[in-house]
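Take a look at the model below.

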Number of protein chains: 4
Amino acid sequence: MTVRTPDPNPGWLSELALDETRSRVPILYVEAVPVRVDALGQVEHVGLLLRGSAMTGVMTRTIVSGRVMHGESVRDALVRNLEKDLGPTAFPQVPASIAPFTVAEYFPLPGVTPLHDPRQHAVALVYVVPVTGECDPRQDALELTWLTPEEILDPRVTDELEGGRGHLVRQALAHLGALS
Amino acid sequence: MTVRTPDPNPGWLSELALDETRSRVPILYVEAVPVRVDALGQVEHVGLLLRGSAMTGVMTRTIVSGRVMHGESVRDALVRNLEKDLGPTAFPQVPASIAPFTVAEYFPLPGVTPLHDPRQHAVALVYVVPVTGECDPRQDALELTWLTPEEILDPRVTDELEGGRGHLVRQALAHLGALS
Amino acid sequence: MTVRTPDPNPGWLSELALDETRSRVPILYVEAVPVRVDALGQVEHVGLLLRGSAMTGVMTRTIVSGRVMHGESVRDALVRNLEKDLGPTAFPQVPASIAPFTVAEYFPLPGVTPLHDPRQHAVALVYVVPVTGECDPRQDALELTWLTPEEILDPRVTDELEGGRGHLVRQALAHLGALS
Amino acid sequence: MTVRTPDPNPGWLSELALDETRSRVPILYVEAVPVRVDALGQVEHVGLLLRGSAMTGVMTRTIVSGRVMHGESVRDALVRNLEKDLGPTAFPQVPASIAPFTVAEYFPLPGVTPLHDPRQHAVALVYVVPVTGECDPRQDALELTWLTPEEILDPRVTDELEGGRGHLVRQALAHLGALS
């Protein structure tokens, strides 16, 4: 394997190369908590993706999440992953400032932080993104559900969130003044 | 004068009462830098209001600005002042988080801070607000001009901004990563 | 009463003038959540003030809080109120950026927001302030207690916080990534 | 080469492995703008590192900067790099919130953004860090210079900053309200 050969899909890695890379450096992600807001900008609903695992059959909830590719800007990665997970007609309002509201650190070992990812050490820039259009998740995310802040703070919901992301969603709601 | 009588226009004060109040406490304002952003959220243009003074005939540039009334929420004040200065079809994207990107302090005496307001000690919560619709300022703001970040950083433009707000607009552009 | 006479204590108002002003405009406050952090900047303890009411005998918990005076800068007000509530040897690390992590809105009527203040409509710029020295509250705050994030999130503690400020402290802990 | 063998220096990579990794994914950095602040938290001086290149003999200025290692938390990386570049007695005040004030994107090709790094695609979480102790940079950073905001905004200084970081320092000063 040589990495010097021009890559027909720059930024995309083979499974082997990705595994190797994951053992060497933290992998940079962007994540987004999709929200619906009212005319005053106040959050009314939070969008959660419900995803079934082909391997385990277990259903898990998650938020928009994906890698930043080599050579890709953070904004491009955010828009690409929003479209991947919410479809082409979601019309997300990508933040005008690139500063994330928080940084999420996922370690392979559970318990280091409230967040974990068995595949890797990942660091995610996390944004709150209002969406105004119709959301139509791609195939492998079976459903997008809009929940009120009250519904989402139910431990039965937050505990279903993959990798401890219930913690992140609570943090997002606090940031929006909707923790109550 | 008694303040106990129910006010037919709660929040609105007579000139006398406002002058007296201005001598007693800092007056709370909301201010907004209107921007047009591209699909990636990057600022393309900043909107400046051009206003003629009836008294002096001098034209000054400014941003969206107005008081928070007694009993009025910060979000309500922000939306009301956006509509007052940009018209009813501007469709502003009011921020989902109420934390301002900066706080602007105006003192009556010039030179204390880069900002001043001869009428009063004012403290403003300042937001960047993307607008997507058509802007149609009310009568006394003669014109809304959209300028690129490069155009706006021209000292001839920033120096025209009322009360030293060129400082604020530069700060907003830095916050958006568009200072260059 | 004339406000044109030079004030021997500028910024300080008679009870009458303050009451009148409170009926006219929102009153600007600064508030601070005092914290102790470890060498990595992670919050270890949050400081709560325990205050007894002379009138009711009820003990309430609160955070550092006070008005911004006429002519006083936000930074001066923050430092003055930190010293008033934590004493002269607290050595607070006043934030280098004046942007608050949130804005707290207190209305006279309970229920409008999670926060209320029967005396007035108040708007507070809220900061998290690490302190490194010894805290020695002034007389009318009987005690400063340092609690861990876990202890403070106990509803019995947060419910004791004056004016709904348990909401604010939870928001501060979320901002610090310590909501868990 | 196998990555499954336990690494005696986890997180540290051979030059070959690092080069390969740099061609695959964006590399995560932490960067810090060291500042001295007054009792009110206002920035008085910004610290710049002056570094001579062994290869070219050219002197360049920079800020605190370094990689986040595999398995290392962002806070640990920030503290480690502050100590590496400022010495063990700098006593940095690591931010209580992990949210950076901005995210810096360095691409190998100049001109994509104001920032570039010929070695790699790097993404840095950037913080402002007040330091209170004595700074004693390690050998390869020849000097730490404290400059006032006015001095640092001189284009002759900002243009000397490595990789376009003059842009970042201006952004930091704007964030601190010291752009003027």
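**Where the chains meet**

Chain D and chain B bury about 710 Å² between them, and carbon and sulfur atoms give 63% of that area. Keep in mind that this is a predicted model. The contact draws on 8 residues from chain D and 8 residues from chain B. How many salt bridges does the rule find across the interface of chain D and chain B? It finds 0.

Now turn to chain D and chain A. Here the buried area is about 2900 Å². Carbon and sulfur atoms give 64% of it. Chain D brings 34 residues to this contact, and chain A brings 34 residues too. Between chain D and chain A the count is 2 salt bridges. D:E20 forms a salt bridge with A:R24. The closest N and O atoms of D:E20 and A:R24 are 2.7 Å apart.

Go back to chains B and D and look at their helices. Helix α5 of chain B spans residues 165-175, as does helix α5 of chain D. The axes of these two helices come within 9 Å and cross at roughly 125 degrees. The crossing of α5(B) and α5(D) is left-handed. Which residues make the contact? From α5(B) come B:Q171, B:A174 and B:H175. From α5(D) come D:Q171, D:A174 and D:H175. Sorted by type, the residues of the contact of α5(B) with α5(D) are 2 nonpolar and 4 polar, with no charged ones.

Next come chains A and C. Helix α5 of chain A, residues 165-175, packs with helix α5 of chain C, residues 165-175. Their axes lie 9 Å apart, and the angle is about 125 degrees. So α5(A) and α5(C) are oblique to each other. Is the crossing of α5(A) and α5(C) left-handed or right-handed? It is left-handed. On the α5(A) side, A:Q171, A:A174 and A:H175 take part. They meet C:Q171, C:A174 and C:H175 in α5(C). The residues of the contact of α5(A) with α5(C) divide into 4 polar, 2 nonpolar and no charged.

One of the salt bridges lies within chain A, where A:E31 pairs with A:R165. The closest N and O atoms of A:E31 and A:R165 are 2.9 Å apart. What does this pair tie together? A:E31 lies in strand β1 of chain A, residues 27-37, and A:R165 lies in helix α5 of chain A, so the pair links parts that are 134 residues apart in sequence.

Conventions:
Residues are numbered from 1 along each chain as its sequence is written. Chains are lettered from A and ligands numbered from 1 in the order in which they are written. This is a predicted model: local features need pLDDT of at least 70, side-chain atom pairs count only at pLDDT 80 or more; totals for chains, interfaces and linings use all residues. Side-chain values use heavy atoms; hydrogens and water are left out. Axes are lines fitted to C-alpha atoms, for helices over the stretch in contact, and angles run from 0 to 180 degrees between N-to-C directions. Helices (H or I, at least four residues) and strands (E, at least two) are DSSP runs, numbered from the N terminus. Angles under 35 degrees count as roughly parallel, over 145 as roughly antiparallel, 65 to 115 as roughly perpendicular and the rest as oblique. A crossing is left-handed if the near helix is turned anticlockwise from the far one by less than a right angle, and right-handed if clockwise. Contact means heavy atoms within 4.5 Å. Ala, Val, Leu, Ile, Met, Phe, Trp, Tyr, Cys and Pro count as nonpolar, Asp, Glu, Lys and Arg as charged, and the others, Gly among them, as polar. Buried area is the accessible area (1.4 Å probe) that two parts lose on being put together, summed over both. A salt bridge is a side-chain nitrogen of Lys or Arg within 4 Å of a carboxyl oxygen of Asp or Glu.
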